[in-house]
Amino acid sequence: MESMMRNRELTETRMMQALREELASAERRAEEERAAHNATKMAAMEREVELEHRAVESSIALARIQRVADERTAKATELEQKVALLEVECATLNQELQDMEARVRREQKKSPEEANQVKQAEMQKMRVEMAAMKRDAEHYSRQVIIMCSFNILLNKI
């Protein structure tokens, strides 16, 4: 009976030891998981801060691009208005030139050669003015096209 009691105590002692070891192992695993969880949580918080910082930088860059686009659009509008004014002025000069040419033709039939030369000089002056106006209009038109192309590219960004 005593032997049985000893065997039983020995078995219980072994079981208790095994349970203690299992408990210690479970506590170690729980501590490792807790540490891994905390590390993951810290990494997620750092990533969140980084993403917020990048979002702020992106917003600033977008605002800067929008401001440039607005400035370029305003400049393109201004150049389009200048082109429109030049086109109107060019049309007016064309009409004046046609009127002068008609007058010269009429006066050629009745005026002496000197009056004709004065009229020819006036017509040449008008032609030079018109050529200058056309160059200006072409220059502004090219600028408008460039500005519009730039705005299209900005809108695609």
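# Briefing: charges and contacts along helix 1

D99 is partly exposed, with a relative accessible area of 38%. That residue is found in helix 1, which covers residues 2-110. The model shown here is predicted. A search of the whole structure finds 6 salt bridges.

**Negative patch**

- Helix 1 gives the largest share of the negative patch, with 3 residues.
- The 38% value for D99 lies between the 20% and 50% cut-offs, so D99 counts as partly exposed.

- R106 lies in helix 1.
- Its relative accessible area is 47%, so R106 is partly exposed.

- Side chains of opposite charge can pair when their charged atoms come close.
- R6 pairs with E2: their side chains meet in a salt bridge at 3.3 Å, N to O.
- Both R6 and E2 lie in helix 1, 4 residues apart, which is about one turn of the helix.
- R6 is exposed, at 55% relative accessible area. E2 is exposed too, at 57% relative accessibility.
- E12 pairs with R8: this salt bridge has a distance of 3.6 Å, N to O.
- E12 and R8 also sit in helix 1, and they too are 4 residues apart, about one turn.
- In this pair, E12 is partly exposed at 41% relative accessibility, whereas R8 is exposed at 53%.
- The value for R8 is over 50%, and therefore R8 counts as exposed.
- E31 pairs with R34: the closest N and O atoms of this salt bridge are 2.6 Å apart.
- The spacing of E31 and R34 is 3 residues, about one turn of helix 1, where both lie.
- E31 is partly exposed, with a relative accessible area of 45%. R34 is partly exposed as well, with 46%.

- Where is S25? It is found in helix 1.
- Is S25 buried or exposed? At 18% relative accessibility, S25 counts as buried.
- Which side chain does the side chain of S25 contact? The partner is the side chain of R29, in a polar contact of 2.7 Å.

- V83 has its place in helix 1.
- V83 is buried, with a relative accessible area of 8%.
- That 8% is under the 20% cut-off, so V83 counts as buried.
- How many residues separate V83 and Q143 in sequence? They are 60 residues apart in sequence, and 10.0 Å apart in space, C-alpha to C-alpha.

**Points to locate in the structure**

- Find R6 and E2, joined by a salt bridge, then E12 and R8, then E31 and R34.

Technical notes
Residues are numbered from 1 along each chain as its sequence is written. This is a predicted model: local features need pLDDT of at least 70, side-chain atom pairs count only at pLDDT 80 or more; totals for chains, interfaces and linings use all residues. Side-chain values use heavy atoms; hydrogens and water are left out. Helices (H or I, at least four residues) and strands (E, at least two) are DSSP runs, numbered from the N terminus. Buried means under 20% relative accessible area, exposed over 50%, partly exposed in between (1.4 Å probe, protein chains only). A polar contact is a pair of N or O atoms within 3.5 Å; within protein, one must be able to donate a hydrogen and the other to accept it, and residues adjacent in sequence count only if both atoms are side-chain atoms. A salt bridge is a side-chain nitrogen of Lys or Arg within 4 Å of a carboxyl oxygen of Asp or Glu.
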